[in-house]
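The stops below follow the contacts between protein and DNA.

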2 protein chains.
Amino acid sequence: MSPRPDRPHIGQVAQLAGVSATTVSHALNGRRPVSEATRRRIMEAIDQLGYRPNVVARGLRAGRTMTIGLVIPDITNPFYPLLARGLQDVLGPAGYDEIITNTNGDRELERIALDKMISRQVDAVAFAVFDTHAADLQPVIDAGIPAVRLGGRQAQPGVDLLHTDDEGAAAEATGYLIERGYRRIGFLSGPAAHGPAAERIMGYQAALRAAGLKADPNLVAQTEFSREGGAEAMTRLLKLRDRPQAVFCANDMMAIGALDVARQRGLEVPGQLAVMGFDDIEAASLVSPQLTTMANPAREIGRACARLLLDRVSGAESGPGREIVIPARLIRRESA
Amino acid sequence: MSPRPDRPHIGQVAQLAGVSATTVSHALNGRRPVSEATRRRIMEAIDQLGYRPNVVARGLRAGRTMTIGLVIPDITNPFYPLLARGLQDVLGPAGYDEIITNTNGDRELERIALDKMISRQVDAVAFAVFDTHAADLQPVIDAGIPAVRLGGRQAQPGVDLLHTDDEGAAAEATGYLIERGYRRIGFLSGPAAHGPAAERIMGYQAALRAAGLKADPNLVAQTEFSREGGAEAMTRLLKLRDRPQAVFCANDMMAIGALDVARQRGLEVPGQLAVMGFDDIEAASLVSPQLTTMANPAREIGRACARLLLDRVSGAESGPGREIVIPARLIRRESA
DNA sequence: ATGAAAGCGCTAACAC
DNA sequence: GTGTTAGCGCTTTCAT
């Protein structure tokens, strides 16, 4: 029934080499000694036939597929390619491949994607979804699949958590602005319900307090995570009688929107208005003035995630759900 | 030996529903009729046990894994996430998942990646690698796996080819500049040996000829595919006694480099120097002035690729290796 | 150092 | 409409 031109299988190799399939298997996997002569004959047979072990059969038999699943909202969002690459940096050399699924942040699609990962018998799952309800993950946990959540908040028993140090990063950015002499510092936040908004506000306020500055609530503007959102919020803040000398933005696109407004009003950056972003997307160094920002270490997160996964896959089964926090890095450029 | 907390399998569902595994299988796959009552009992059993079919076992048995492999240089290069997403747009609804491997353009890694795709029994492969030697693909073809090559040049028997219409796009861009009144039009090309350089030069020259303009070879500058490369080449062209009024660049990063030089020399864009790019990366609309460019339809290519793959997977086995060309789209913005 | 045989979970003949 | 049986390609006892 197999509709493919029958590829050589282990039995053919065995036959050609004059040994049993068992011995071929062991020659390949090194789980028990095989005489040098036999091994050589086997290798020759493999070359001659162009044999490649069937990973699917191996996966069925062994109960591990050497595959890990990555569930993300959208690979097109520049954060995720870096994340995926970081994972592969570590997973690839360890012999694992990744299956990537995009969910658009849609809960039903997330549920389906996670289900599919179970069906596919992946050895571990990493998923990056802000709003995932814990219940949606339960099947994965029940299936005994190690899971790492990227960037959410509440940890869940059996699920490791990995995220950027949003609070610390916001504090560092704000501190940097203070250090440069700015006193009235605004914050362009994303929608409160989404992502790491709360942590960043906390960091921002903490830095202000630490410097003996008061945190004026009027200086915090909530808006969308987009260029237009940033422009809109910046416009609002500039209308204040006591307007900010500097703004820290929850992401680079918003910061670019703020820059748009500054240019349009003829405000000199950073002279009359300093702007900081968050993420360090490629565009940050492309705009003029180049954006001072906090680098969201996506690739590093991917690597750390892979290490965690590898750890869980090989032994560290239980454990109470670790939480790992990756620091962001200040990138000094021109806008602040 | 299976180290996972044994997940329910089809036999357990069958037992709980009081039928045979066969019937459960058919209830799930609809390949033969199952009575309504039986089906209901089966579905209840499935729910109760939290059963999910084991795709690995299914793959082994059926000879198809519902997986396709994507081999690319680097998911971090903004072209490829779009490509991957385009593939998933079409493949996802058809029930396929993607395994993505990055090769950094390294030939040995490419060979290994392709090998692994065979081992994993993927149902089809898409690979985007300029320099792949045909021999490296032969094993894939021999294994009977449909393959699509993205963006290379010479077609190969058994391998479909899919790429942007580089020549047409270059002609359209050049034509657009001519139409806007520019007469001395330069071309910032990538390294001759790499990628679609030749095609683009041909399109550029063809458009010039079609307008009765002569193609001055001094106006073609070869350089790297980077911002710095673009700046360097632009600088060279501006040193000409008879310098160009407009330049078409082989990619957006180069065009941004050209823009840098223009700003630095105080040249008004597009008044004193018009600039066009290629690709329409996100940054193109972020720089100032916004870049007029040709949109390289990565996502559309991904979708077309998926359709081709699906076609090959289900029947259209042989065929002499098709070639599909996707047009680029002119994006009018401010720089030309 | 090597083999024989069982079985991972599923689907597809071939019954009835 | 449903069940029995064999087998996909591999690894792993259990033998020798």
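Begin with Arg58(A): an N or O atom in its side chain lies 2.6 Å from a phosphate oxygen of DNA strand D, a polar contact being a pair of N or O atoms within 3.5 Å. This is a predicted model, in which local features need pLDDT of at least 70, side-chain atom pairs count only at pLDDT 80 or more, and totals for chains, interfaces and linings use all residues. Residues are numbered from 1 along each chain as its sequence is written, chains are lettered from A and ligands numbered from 1 in the order in which they are written, and side-chain values use heavy atoms, with hydrogens and water left out.

Next, select Ile10(A), where a polar backbone atom is 2.3 Å from a phosphate oxygen of DNA strand D. Then move to Thr22(B), whose side chain places an N or O atom 2.8 Å from a base oxygen of DNA strand D.

Now select the 28 residues around DNA strand D (a heavy atom within 4 Å of it). Those that come nearest are Ile10(A), Tyr51(A), Arg61(A), Pro33(B) and Thr38(B).

Turn to DNA strand C. At Tyr51(B), an N or O atom of the side chain is 2.5 Å from a phosphate oxygen of DNA strand C. Finally, select Thr22(A): an N or O atom in its side chain is 2.9 Å from a base nitrogen of DNA strand C.

Conventions:
Polar contact = N/O pair within 3.5 Å; in protein donor to acceptor, adjacent residues only side chain to side chain.
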